[in-house]
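Student: Please take a close look at one part of this structure with me. Start with the background I need, then go through the part step by step.

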Amino acid sequence: MKKLIVSAIGCCALLVSCGPKSTAVTGPKYTSSEQLAQGKTIFENSCNKCHALPNPEKHDDEGWLKTLSRMAPKAKLNEEQHQMVYDYLISVNKK
Ligand code: HEC
């Protein structure tokens, strides 16, 4: 019985940490050109609805982490899309 409770807690903790509700992008993940290209497309299609498309060089990697966490929900990106846009932005923000 005790074992069951422990595994139930473990299971819930896992669900919470990996749940789909958050756009918890905490760092780079994708590096393949396919996903970066997809990130670019999403960025160009979703981030110019309320304001002009921002310049990727506006922020460094850390800055985009914060800004994109505010903007991804506005653009209604899911976590996967948020991640691809982030990885695209940090792949082009350096001169
Ligand atoms: C629903 C409208 C909306 C969408 C969609 C949207 N934004 Fe914004 N954005 C805003 C508003 C409003 C502001 C100004 C207020 C603020 O900074 O929160 C802003 C400000 C910004 C800024 C300037 C502030 C800063 O921290 O540099 C950047 C950069 C930005 N958005 C990037 C993006 C990106 C990237 C996307 C696509 C994922 C996006 N936005 C999609 C509404 C939106």
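Tutor: Begin with a term. A helix here is a DSSP run of H or I that covers at least four residues, and a strand is a run of E that covers at least two; both are numbered from the N terminus. By that rule the protein chain has four helices and zero strands. Along the sequence the pattern reads α-α-α-α. Keep in mind that this is a predicted model.

Now the part to look at: the iron site. Two protein donors reach the iron atom of the ligand. One is H51, through its NE2 atom, and the other is M71, through its SD atom. They lie 1.9 to 2.3 Å from the iron atom. The site has six donor atoms, and the angles among them run from 88 to 179 degrees. That makes the site octahedral.

Where do H51 and M71 sit in the chain? H51 is in the loop between helix 2 and helix 3, while M71 is in helix 3 itself. The two are 20 residues apart in sequence, so this pair ties together separate parts of the chain.

Next, check how open these two residues are. A residue is buried under 20% relative accessible area, exposed over 50%, and partly exposed in between. H51 has 38% relative accessibility, so H51 is partly exposed. M71 has 22%, so M71 is partly exposed as well.

H51 and M71 are among the residues nearest the centre of the largest pocket, along with C47, P54 and K74. In total, 18 residues line this pocket. Helix 2 (33-46) and helix 3 (61-74) are the elements that each give two or more residues to that lining. Helix 3 supplies the largest share, seven residues. By type, the lining splits into nine nonpolar, five polar and four charged residues. The volume of the pocket is about 300 Å³.

K76 lies in the loop between helix 3 and helix 4 (79-92). Its phi is near 55 degrees, a positive value in a residue other than glycine. With a relative accessible area of 71%, K76 is exposed.

S46 lies in helix 2. Beyond residues up to four places away in sequence, S46 touches A75 and L77. Its relative accessible area is 16%, so S46 counts as buried.

Move on to helix 4, where Q83 is found. Q83 is buried, at 8% relative accessibility. Which residues does Q83 contact, leaving aside neighbours within four places in sequence? They are V25, G27, P28, K29 and Y30. T26 belongs in this picture too: its C-alpha atom is 8.8 Å from that of Q83, although the two residues are 57 residues apart along the chain.

Take the contacts with a separation of 6 or more: residues 24 or more positions apart account for 74% of them. The chain has 95 residues, and buried residues make up 32% of these. S46 is one of the buried residues, and Q83 is another.

Key
Residues numbered from 1 in each chain as written. Predicted model: local features only at pLDDT ≥ 70, side-chain atom pairs only at ≥ 80, totals over all residues. Heavy atoms only, no water. 1 Å grid on protein atoms, 1.4 Å probe; cavity = no way out; pocket = protein on both sides within 12 Å on 5 of 7 lines; lining within 4 Å. Points joined across faces, edges and corners; volume = space filled by probe spheres on them. Nonpolar A, V, L, I, M, F, W, Y, C, P; charged D, E, K, R; others polar. Donors = N, O, S within 2.8 Å, 3.2 Å for Na, K, Ca; no water. Tetrahedral: all angles 85-135°; square planar, octahedral: opposite > 155°, others 65-115°. Buried < 20%, exposed > 50% of the residue type's maximum accessible area, 1.4 Å probe, protein only. Contact = heavy atoms within 4.5 Å.
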